[in-house]
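Subject: A structure for you to look at

Hi,

Here is the structure I promised to pass on. Please open it beside this message, and my notes follow below.

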Amino acid sequence: MPAVGQADVFEELEWRGMVAQVTDPDLGDRLRAESLTFYVGFDATADSLHVGSLLPLMVTARLQRAGHRPIVLLGGGTTLVGDPSGKDAERPVLAEEQIRANAEGIRRQVERIVGTEVDLVDNADWLGQLRLTDFLRDVGGHFRVNDMMAKDSVRARLDRDQGISYKEFSYMLLQAYDFWHLCQTRGCRLQVGGSDQWGNITAGIDLIHRRSRIQAYGLTFPLVTRADGSKFGKSEGGNLWLDPARTSPYEFFQFWLRVADADVGYYLRLFTWLDRARIEELEAAVAEHPERREAQRVLAREVTTAVHGAAAAEAAEQAGQALFGGELGGLDGPTLLEVFAEAPATSRPRAELEGEGGLGLVELLVDTGLVASRSAARTAIDQGGVYVNNRREADVDRRLGPSDLLVDSYLVLRRGKRSYHLVRLV
């Protein structure tokens with residue numbers, strides 16, 4: 001992936017829409033002048049990150065490639081407490097064993113996307129060693145309750161009937177302590193996070209200044225939305241996960257392929273390594289020929305490659321082409337079912353296929369409802385409008401056998417360009 005020089009990384013982040021707020025107007029100059037150690041945190045609330053986590057990972061990777069030193073914090077400790085930021089209600093409490101397993105799943109995803117050179121830490125290692133009275137004396141004494149209540153993450157919950165528990169109210173102090181601890185032990189002077197983390201980040205900067213008289217900085221990026229204001233990162237099944245066991249590479253690829261024209265340029269800036277000239281070229285292509293969806297195809301290919309690897313991206317793209325007459329033989333069973341999930345489907349006894357003479361294509365077309373009658377089936381075949389597994393059939397006497405099966409169980413029938421039927425032989 002191309003590196004962005006230290007001299008212009010802040011301008012690059014701004015052009016890409018990756019900067020929402022900075023705690024100091026001179027942060028850009030500081031990033032140009034020296035190599036900063038910075039951190040971004042992820043609480044271990046699930047065993048996978050979701051697509052909304054891609055932006056912090058991309059910001060981390062860009063700063064790293066510009067010569068700054070990244071720390072990725074896995075919140076094994078803070079997950080026990082729960083961050084109220086952006087949440088309408090208190091998070092469910094997870095067992096410590098589950099949190100450790102979640103943190104390990106996130107670790108693997110971070111290393112795939114950002115690289116193995118990132119410094120991965122878990123705040124359970126130091127938060128778990130704190131004595132409550134020491135923490136209240138050394139940390140709590142630097143904060144005023146009225147200031148904490150004015151923070152957006154707290155105020156939003158106070159405005160709701162259920163309010164906020166003391167446990168979640170204390171989260172801000174724990175995150176502030178994380179920043180101070182990383183400053184003391186690793187020389188970390190910059191925290192990056194979503195704009196909903198602004199209050200937690202500034203709390204950490206204040207604590208570092210009060211306890212250590214060190215200048216620290218914060219940078220937030222915007223919470224990503226669609227152009228129409230709706231929430232980003234949701235598919236029909238809920239969250240779009242980075243774990244292929246939760247969201248398949250095919251579904252992941254299709255999510256990006258379906259991005260609206262109004263959003264695709266913005267997402268190319270945020271989530272790909274394409275340079276400015278290429279992105280502007282793709283934006284022009286969207287404006288001139290939106291029906292070609294060239295920008296969406298590039299976006300889907302780039303992001304799927306970054307998250308799942310080149311082989312998975314290529315397989316997902318080939319699977320997507322199946323609905324447009326692409327090759328089906330290379331698809332595995334789960335992907336085949338995903339591709340044709342919306343197509344009508346029936347099951348037939350496998351013995352019909354394996355019996356003497358096999359299963360007649362004309363009969364199958366009628367039984368699946370793709371044609372109204374045997375004569376209509378023969379006419380469709382004669383006119384070149386019938387396909388088995390996306391291969392045109394020209395023989396009205398064609399008999400189908402076991403060698404025609406996909407993944408040893410399925411036949412895909414098609415009449416015309418878009419009328420599909422999936423047949424499972426059981």
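Let me start at one residue in a loop. Leaving out residues up to four places away in sequence, V371 touches L365, V366, A376, A377 and R415, where contact means heavy atoms within 4.5 Å. V371 lies in the loop between α19 (361-367) and α20 (374-382). Helices (H or I, at least four residues) and strands (E, at least two) are DSSP runs, numbered from the N terminus. V371 and R415 are 44 residues apart in sequence, and their C-alpha atoms are 8.3 Å apart in space. Is V371 buried or exposed? With a relative accessibility of 5%, V371 counts as buried; the cut-offs are under 20% relative accessible area for buried and over 50% for exposed, with partly exposed in between (1.4 Å probe, protein chains only).

Before going further, a word on where the values come from. This is a predicted model, in which local features need pLDDT of at least 70 and side-chain atom pairs count only at pLDDT 80 or more, while totals for chains, interfaces and linings use all residues. Residues are numbered from 1 along each chain as its sequence is written, and side-chain values use heavy atoms, with hydrogens and water left out.

The overall picture

The protein has 20 helices and 15 strands. Its C-alpha trace spans about 85 × 45 × 40 Å along the principal axes. Of the 426 residues, 50% are buried. Among contacts with a separation of 6 or more, 74% are between residues 24 or more positions apart.

The six-stranded sheet

An open sheet is formed by 6 strands in the order β1-β6-β5-β2-β3-β4, with mixed pairing; two strands pair if DSSP finds at least two bridges between them. At the edges stand β1 (21-22) and β4 (119-122), each with a single partner strand, so one side of each is left without a neighbour in the sheet. Within the sheet, β2 (residues 37-43) and β3 (residues 69-75) pair in the parallel sense over 7 bridges, and D43 stands opposite G75 in β3. Helix α10 (residues 171-186) packs on this sheet and touches β2, β3, β4, β5 (188-194) and β6 (217-221). The direction of α10 makes about 145° with that of β5; axes are lines fitted to C-alpha atoms, for helices over the stretch in contact, and angles run from 0 to 180 degrees between N-to-C directions.

A pair of helices

Two packed helices are described by the angle between their axes and the distance between the axes. For helix α12 (residues 249-257) and helix α15 (residues 294-308), the axes come within 8 Å and cross at roughly 145°. On the α12 side, P249, F252, F253, W256 and L257 take part, and the residues they meet in α15 include L299, A300, V303 and V307. The residues of this contact divide into 9 nonpolar, 3 polar and 2 charged (Ala, Val, Leu, Ile, Met, Phe, Trp, Tyr, Cys and Pro count as nonpolar, Asp, Glu, Lys and Arg as charged, and the others, Gly among them, as polar).

Strand β15 and its partners

Strand β15 (residues 419-425) is mostly covered, with 5 of its 7 residues buried. Strand β9 (residues 345-348) runs parallel to β15 and is joined to it by 4 bridges; there, R348 stands opposite L425. Strand β14 (residues 410-415) runs antiparallel to β15, with 6 bridges between them, and L411 has V423 as its bridge partner. The hairpin of β14 and β15 has 3 residues between the strands, and G416 takes a positive phi near 70° there.

Two loops worth a visit

Most residues other than glycine have a negative phi, and most peptide bonds are trans. D408, in the loop between β13 (399-400) and β14, is not a glycine and yet has a positive phi of about 65°. N390 also has a positive phi, near 70°, and lies in the loop between β11 and β12. N390 counts as buried, at 9% relative accessibility.

N389 lies in the loop between β11 (386-388) and β12 (391-392), and is buried with a relative accessible area of 10%. A polar atom of the N389 side chain lies 2.7 Å from the backbone oxygen of D404. Leaving aside neighbours within four places in sequence, N389 is in contact with L328, D404, L406, Y410, L411 and V412.

Enjoy exploring!

Best wishes

Terms used
A polar contact is a pair of N or O atoms within 3.5 Å; within protein, one must be able to donate a hydrogen and the other to accept it, and residues adjacent in sequence count only if both atoms are side-chain atoms.
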